[in-house]
Amino acid sequence: MTATTIPDSWRPALEPVLASPPLRALGAWLRAEEAAGKVIYPPRGTRLAALELTPLDQVRVVILGQDPYHGAGQAHGLAFSVQPGVRVPPSLVNITKELHTDLDLPIPRHGHLAAWARQGVLLLNNALTVEAGQPGSHQNRGWEALTDAAVAAVAAREVPTVFMLWGSHAQKKAARIPGLNDGPHLVLRAPHPSPLSAYTGFFGCRHFSQANDFLTAHGRGAIDWRLPE
């Protein structure tokens, strides 16, 4: 892992972290895992897709996930998103249900969220890799230093931004970011959209309409949350 893997807009914020011992150790560990035959998702070349598709100066909304999907063909570098043609996972099904209720949008037939990312929705997981079939397997391996720095870089800007924090992992991550709750931002919290918790407050949270109202009021424009077929 080198600084050249970081998109230009993110480099000032992330290069120091990338050069740190924990990130260097992470890179060496990932190479060793792959050399040992471990299958790691998402594949190389897509692990920083969230940063590539959403430059720092264009971030309007931050949605934090935990780690990538661990099934074959699912993860491609955007939190909650799957490749076109892949069955929509349960948490994303619930996200689209809430969108339908909140903004009266049609429920899409796919779960590819790149259209959101290109509008300034940073879809960032806490860890950016996972071993096949082993959820959470790359937590606490060093990715957190990089993704914490990315969230902190957004929070440090004086540009009003929406942070959607779904579930305890996202909320704990946000708690590590200095000044997030004291800046010009809108911080929205709800249970995770997983089937295990969606009915305890995710459904009905209306985060999408609240985000658009806030962005519009601050001259940043609404997100078009529809997913084109």
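Which residues does Met-164 touch, leaving aside those up to four places away in sequence? Select Met-164 in this predicted model, and you will find contacts with Val-61, Val-62, Ile-63, Leu-64, Leu-188, His-207, Phe-208, Ala-211 and Trp-225.

Now widen the view to the largest nonpolar core, which has 73 residues. Met-164 is among those with the most contacts inside it, together with Trp-10 and Trp-225. Colour helix α6 (residues 143-156) next: α6 gives the most to this core, with eight residues.

Move on to helix α1 (residues 11-18) and show its buried residues, Leu-14, Val-17 and Leu-18. They sit on the same side of α1, because they cover an arc of only 95° around the axis. Those buried residues pack against α2 (21-35), α3 (49-53) and α6.

Last stop: the cavities. The whole structure has two of 30 Å³ or more. For the largest, with about 60 Å³ of space, select Thr-96, Leu-99, Leu-105, Pro-106, Pro-108, Trp-116, Trp-225, Arg-226 and Leu-227. This lining has seven nonpolar residues, one polar and one charged.

The second largest cavity holds about 30 Å³. Its lining is Leu-64, Gly-65, Gln-66, Trp-166, His-169, Ala-170 and His-192, with β2 (61-65) and α7 (168-175) each supplying at least two residues. Here the classes are three nonpolar, four polar and no charged residues.

Definitions and conventions: Residues are numbered from 1 along each chain as its sequence is written. This is a predicted model: local features need pLDDT of at least 70, side-chain atom pairs count only at pLDDT 80 or more; totals for chains, interfaces and linings use all residues. Side-chain values use heavy atoms; hydrogens and water are left out. A nonpolar core is a set of buried Ala, Val, Leu, Ile, Met, Phe, Trp, Tyr and Cys residues joined through side-chain atoms within 4.5 Å. Buried means under 20% relative accessible area, exposed over 50%, partly exposed in between (1.4 Å probe, protein chains only). Helices (H or I, at least four residues) and strands (E, at least two) are DSSP runs, numbered from the N terminus. Contact means heavy atoms within 4.5 Å. The arc is that of the directions from the helix axis to the C-beta atoms. On a 1 Å grid over the protein atoms alone, a cavity is a set of points where a 1.4 Å probe fits but cannot get out, and a pocket is an open set with protein on both sides within 12 Å along at least five of seven lines; lining residues have an atom within 4 Å of a point. Grid points are joined across faces, edges and corners, and a volume is the space filled by probe spheres set on the points. Ala, Val, Leu, Ile, Met, Phe, Trp, Tyr, Cys and Pro count as nonpolar, Asp, Glu, Lys and Arg as charged, and the others, Gly among them, as polar.
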